[in-house]
Amino acid sequence: MSGSDLIDEHHTRVHREVAAQLATLMDGEKDLPIAKLQSFRKKEEHRLKLWHRAGGEGKEIAARRTELVDILFREIFRHAARTVTGNAELSGLLAAAFGGYGRRELNPFSDVDVSFLHVGPKPTVQMEKIISACLMALWDLGFKVGHATRSVKGAIERANADMVTKTAMIESRLLAGDKKLFAAFRKEFESTCVRGKEKDYIAFRMENLKELRGRYGASVFMQEPNIKSGCGGLRDYQNLLWTGAFHSGATTTAKMVDQKILRDKERRLLEEAYDFLLRVRTEMHYQTGRASDQLTLQLQGKVATSLGYPEKSILRRCEAFMRDYYSHTRTVHLVTTLALARIREERGMKPGILAKFLGKRSEKSGAFVITNGEIYPTARDIFNKEPALMMRAFHLAQTRELGFSAELGDLVKRRLQLVDRTFRYDKEIRTVFLSILSAKGQVGRILRLMHDLGFLGKYLPEFEPLTCLVQHEFFHRYTADEHTLRCIEKIDELLFTENPKLKRYGEIFRHIGDAGVLYLAMLLHDTGKAANTKRHEEASALSAQRVARRLQLSPPRKKMLITLVSDHGEMSAMARTRNVEDPATVSEFAEVVRDADVLDALMVITLADGMGTSDEGWSDWKEQMVWRLYHQTKEYIADSEGFLAERAQRREELHGEVTRLLPAEFTEELEAHFAGMEERYFLSHDAHEIGRHIRLFRRFLSEGLGKEGPNLEAVVEWIDHAEAGHEGENEHPLPPHGVEDGVGGVEDGQLIEGHRSGPTGHQGGVHQVHRQKAARVVDDDGVHPVPGQSHWIWCGETKRTGAPHGLRSSVIVRAAGRWLPDGFKGTHSTGHACAGQGWGGGHKTKPCARHNGHRPPCVRCPSSVLSGRPGRWCVPPAPTCGSSPSPREYSCMASRGSWATAAAVASASPALSRWWPSGSPGP
């Protein structure tokens, strides 16, 4: 006796023992013992869970759970019948399992679908009592029950009226009750609902499959797939069984092998994949505590861990699990699609069958026959005699826009062992392959067909490791192989695109001379990801070198291929992270590209890679930057000297304009300024701005380097932008333009122009401050502003000229008045000191309990400021009822790149000096 037979015998014995235990439990009970049944179910369910966690197969666990429900239901039915009629046997009524329960596949929280069939037009009173008792018991036990009560005649009529009901009845199974009545029902169902209606039902199943693809996604590689109804999910397998049952009565995959619908190897792969999916679904139910079919990102990690994937990192564990998941769902999808195609062929339901009635005949093309838009082999051994015919078949499908028949697809899969080293190095075959890649707009469909049949990975072994390779990155929503094929399909779409946003790319694509290298580069651009290296581009380039050598590409084509593969992300990266207006950036990128044809190809690859990553992978901002870099580089490659000369000319023109604006005494400073600033500075500032900057530098140097030693306070120039400010009622006048710097006493409602900025150890700086209109200031003695009004005196922006990367610093403002203590000083982290409601930076505030005013939310004294550390600033809150704030009532707010010490504030304001501890660090 084999090991599997011993296991089956053990399970059968356990099943009998469990049934006997429950029967003993029920005997002698006048009322149904729900508590005992609940305890019995809980114990058995726990045993099943342990069995599952120990590695039990998916179909096995589902079948054992079905048996458990069968045992419970039969005892409940027997008890109800005996209680109502005094006899456990009852004629004229039966209970049958339908749907997933009928085919013995119950996951932990699956619905239990039961139908009660009876003789006569209506059930008797006794029948109704039995049915009610059974349903109430199932509900009390916690089952989710789908149920129906019909006469046999009504059930048959319902099945013929509704295809979904008919599908549920296909797998009906007797649970309890009248066996002769069930046999009569099955006979009537076969004769009335199946025979003569096969074609209609098969057409319905095909249409239903399309609906599921539209609802749950047409790709196996969804980021959060639906394990039941998604592409390659459980429903695909079940759909094949239902179709086979109507086609030829084949209700199992084993029978389909006998009827040549499936090959034996396909059946084994299909059953293995289906078992895996059932096991995963069982774990999903356990993890969520409910019927769950959506394999979410959060759930994937939990399922992977519980199923025992050994990787230490949760990310790698999840990737390994999802790769297995995608591999199995891909198997289900491909095998069932091929099997359904065979059924359609046998039943004369091929695509294009209308062509027969229009008089179209079969056409022979070499070793193939073309019929109704599909290619058929003339013999089963054509590839054995001439392996190169495999590649020619794909080329024929491309040039004539044909599909593969199920027979030809099956033949290719069965002859993949012929794709060996000799096949890969064959001159004729590589010529045909490169011809396929050179057909603009027609490559993606053929490469996907190659991949689905397993041919692509055999011919290009470098691509095979990408199959079902999961990419857990922020943007990637598809596996590596699916992402690559989608990118190629995006390139195809460019040829005749009508999308206004893509027409420019289409123009570039149509003018590319070597489309074969472009498509090959796209096919190989991510092959290095399987190596799990930090920079997959380098590993991908090595793969490209091997492929170029095997395909015997000419040196220029080989160089172009390797450049496109190794630098396929360079254009997007530079556009996102570098200043594309800087000639240094352009020249550096041009050194990578070197050729206008390579630049055009790289532009198309950049677009396809972005759009093939996800629907949001190509934004308008990214597109704008990439186009700018493209045009700049195009100019540089065409005439690098002219490109640089043009920018030098612009710089000279700026130099002349600034010279005219400044007095002659600034000549030396002007020359130093132009010599020291980067090129991008001159691209973003006009002559008037540059002149003001030079004046500010002179003020800073002349005032900071006095006789009494260096005074490195920042210098500020006020520039009015009245139209951009907040305009309140009873507005106080702005300070005069060009007021002196420093910190001193001011009148109510005025601004203070003192400024300090920079990280620790910063020694001042030169600033421009764009002054805007002052907001309303309430200068009544001790009165708070009313809620809803701005608490800021001023809105402004400052830019620190000459700072690296255009770093923004912030404005320090001050106002006098009892509600805003004299000496108030603060900064805002984003470079804008404009804040509307509240006390700074848009922070939320709480109303004052007594005056209905506002106060800051934070009431702790910041040790960061007391210790002199940068990155924090403090402002005392508004006094409550005219009282002074205490040291602990400072409000703390974070700030980037700017700071102000409380000592500097205190030294300028007597009102604050008593809050600052003596001896604390100063500016």
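Tutor: Let us begin with pLDDT, which is the predictor's confidence in each residue, from 0 to 100. The chain averages a pLDDT of 74, and 70% of the residues score at least 70. This is a predicted model, in which local features need pLDDT of at least 70 and side-chain atom pairs count only at pLDDT 80 or more, while totals for chains, interfaces and linings use all residues. Residues are numbered from 1 along each chain as its sequence is written, and side-chain values use heavy atoms, with hydrogens and water left out.

Student: Over residues 725-923, what is the pLDDT, and how many contacts does the stretch have?

Tutor: A contact means heavy atoms within 4.5 Å. Residues 351-360 stay under 50 in pLDDT, and the model has seven contacts for them beyond four places in sequence. Over residues 725-923 the pLDDT is also below 50, and this stretch has 409 contacts in the model beyond near neighbours in sequence.

Student: How should I read a sheet, and in what order do the strands β1, β2, β3 and β4 lie?

Tutor: Strands of a sheet pair through backbone hydrogen bonds, either parallel or antiparallel. Helices (H or I, at least four residues) and strands (E, at least two) are DSSP runs, numbered from the N terminus, and two strands pair if DSSP finds at least two bridges between them. Here four strands form an open sheet in the order β3-β2-β1-β4, with mixed pairing. Because β3 (145-151) and β4 (173-177) stand at the edges, each with a single partner strand, one side of each is left without a neighbour in the sheet. Strand β1 (residues 93-97) pairs with β2 (residues 112-118) in the antiparallel sense over five bridges, and A95 stands opposite F116 in β2.

Student: Which helix packs on this sheet?

Tutor: Helix α5 (residues 125-140) does, touching β1, β2 and β3, and its direction makes about 170 degrees with that of β3. Axes are lines fitted to C-alpha atoms, for helices over the stretch in contact, and angles run from 0 to 180 degrees between N-to-C directions.

Student: In what order do the strands β5 to β8 lie?

Tutor: Four strands form an open sheet in the order β5-β6-β7-β8, and the pairing is mixed. The edge strands are β5 (363-365) and β8, each of which pairs on one side only. Strand β7 (residues 374-377) runs parallel to β8, joined by two bridges, and the bridge partner of I375 in β8 is F404. Helix α17 (residues 389-399) packs on this sheet, touching β5, β6 (368-371), β7 and β8.
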